[in-house]
Amino acid sequence: MEQKIKRDSICIGQNIRRIRKEKKIKQTELVLLMQLENVNITREALVKIERGIQHIQASQLRAIKKALNTTYDELLK
């Protein structure tokens, strides 16, 4: 089973949403970019991550970092 990032899920989700919106990337686009990185995720799961309802997995965080062209520091602050 893959490791989940259990740090403040709400803050991580808010950061993902903020960065995604700043870069004008829609949720469906981000999901497709993540799927290209072999991360199996749905738009519904991304919504839950952004709202802090669902913990993010390490592979999801890596794919989001790459898709949004950002840093872990920016995502986790």
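**Close-up views of helix packing, core and loops**

**Figure 1. Helices H1 and H3 are roughly perpendicular to each other.** Their axes lie 6 Å apart and form an angle of about 115 degrees. Angles of 65 to 115 degrees count as roughly perpendicular, under 35 as roughly parallel, over 145 as roughly antiparallel and the rest as oblique. The axes are lines fitted to C-alpha atoms over the stretch in contact, with angles from 0 to 180 degrees between N-to-C directions. The model is predicted: local features require pLDDT of at least 70 and side-chain atom pairs pLDDT 80 or more, whereas totals for chains, interfaces and linings use all residues. Residues are numbered from 1 along each chain as its sequence is written, and side-chain values use heavy atoms, without hydrogens or water. H1 contributes Ser9, Ile10, Gly13, Gln14, Ile16, Arg17 and Arg20 to the contact (heavy atoms within 4.5 Å), and H3 contributes Ile49, Glu50 and Arg51. By class, the contact of H1 with H3 holds 3 nonpolar, 3 polar and 4 charged residues; Ala, Val, Leu, Ile, Met, Phe, Trp, Tyr, Cys and Pro count as nonpolar, Asp, Glu, Lys and Arg as charged, and the others, Gly among them, as polar.

Figure 2. Leaving aside residues up to four places away in sequence, Arg17 touches Gln27 and Glu50. The C-alpha atoms of Arg17 and Leu75 are separated by 9.7 Å, although these residues are 58 residues apart along the chain.

**Figure 3. Helices H2 (residues 27-36) and H3 (residues 43-51) pack at an angle of about 110 degrees.** Their axes are 9 Å apart, and the two helices are therefore roughly perpendicular to each other. Gln27, Thr28, Leu30 and Val31 of H2 meet Arg43, Leu46, Val47 and Glu50 of H3. This contact of H2 with H3 comprises 4 nonpolar, 2 polar and 2 charged residues. Helices (H or I, at least four residues) and strands (E, at least two) are DSSP runs numbered from the N terminus.

**Figure 4. The buried residues of H3 are Ala45, Leu46, Val47, Ile49 and Glu50.** They pack against H1, H2, strand S2 (56-57) and H4. Just after H3, Gly52 adopts a positive phi of about 80 degrees.

**Figure 5. The largest nonpolar core has 19 residues.** Such a core is a set of buried Ala, Val, Leu, Ile, Met, Phe, Trp, Tyr and Cys residues joined through side-chain atoms within 4.5 Å. Ile16, Leu30, Met34, Ile41, Ile56, Ile64 and Leu68 have the most contacts inside this core. Helices H1 (9-22), H2, H3 and H4 are the elements that each give two or more residues to the core, and the largest share, 4 residues, comes from H4.

**Figure 6. Asn69 and Thr70 lie in the loop between helices H4 (58-67) and H5 (72-76).** Asn69 is exposed, at 65% relative accessibility, and has a positive phi of about 50 degrees although it is not a glycine. Thr70 is buried, with a relative accessible area of 15%. Not counting residues up to four places away in sequence, Thr70 touches Ile19, Lys65 and Leu75.

**Figure 7. Lys24 is placed in the loop between H1 and H2.** Its phi is positive, near 55 degrees, in a residue other than glycine. At 71% relative accessibility, Lys24 is exposed.

Technical notes:
Buried < 20%, exposed > 50% of the residue type's maximum accessible area, 1.4 Å probe, protein only.
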